[in-house]
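Here are some friendly notes to read with the model open beside you. Take the points one at a time, and find each residue on screen as you go.

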Amino acid sequence: MQLAKVIGSVISTRKCDRLEGMKLLVAIPIDMDTFSEKGAPFIAVDTVGAGEGEIVMWCGGSSSRATEMTTNKPVDATIIGIVDNVDILGKRVFTKGD
């Protein structure tokens with residue numbers, strides 16, 4: 001699992017039938033040391049109701065097809081959690097809403 005920040009959404013009226021009804025979000029990876037954005041944005045299927053600006057947990061590759069919602073679907077990135085807090089070595093480094 002990795003962390004990312006949701007920065008947008010994708011609307012696609014024509015897509016593979018197996019993706020019908022799935023919410024697609026644009027996210028950018030987060031550096032765990034600085035909590036700054038790093039790397040290129042990517043598109044992920046949202047399985048938890050995340051929204052723009054939220055920090056999320058996501059997985060990629062074959063793990064992204066391991067949720068009830070994404071089993072046997074053509075996805076390679078899935079948002080699997082919305083982050084409330086992150087503590088590292090006993091220190092809180094992120095709190096949702098701060």
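1. Let's begin with A4, which sits in strand β1, covering residues 2-10. Strands here are DSSP runs of E with at least two residues, and helices are runs of H or I with at least four, each numbered from the N terminus. A4 has a relative accessibility of 0%, so this residue counts as buried. Buried means under 20% relative accessible area, exposed means over 50%, and partly exposed is in between, using a 1.4 Å probe and protein chains only.

2. A word on what you are looking at: this is a predicted model, in which local features need pLDDT of at least 70 and side-chain atom pairs count only at pLDDT 80 or more, while totals for chains, interfaces and linings use all residues. Residues are numbered from 1 along each chain as its sequence is written, and side-chain values use heavy atoms, with hydrogens and water left out.

3. Which residues does A4 touch, leaving aside neighbours within four places in sequence? They are A27, I28, P29, I30, F42, E54, I55, V56 and W58, where contact means heavy atoms within 4.5 Å.

4. Now move to T78, in strand β5 (residues 77-82). Is T78 buried or exposed? T78 counts as buried because its relative accessibility is 0%. Not counting residues up to four places away in sequence, T78 touches A44, V45, T47, M57, W58, C59, S64, T67 and T70. For S64 there is a further detail: its backbone oxygen lies 2.7 Å from a polar atom of the T78 side chain.

5. Step back to the protein chain, which has 7 strands and 0 helices. Its radius of gyration is 14 Å, close to the 13 Å that the globule rule gives for 98 residues, so the protein chain is as compact as a globular protein of that length. That radius is taken over C-alpha atoms, and the rule is 2.2 Å times the number of residues to the power 0.38. Along its principal axes, the C-alpha trace spans about 45 × 25 × 20 Å.

6. Finally, some totals for the protein chain. Buried residues make up 36% of its 98 residues. Among contacts between residues at least 6 apart in sequence, 48% join residues at least 24 apart.

Methods
Polar contact = N/O pair within 3.5 Å; in protein donor to acceptor, adjacent residues only side chain to side chain.
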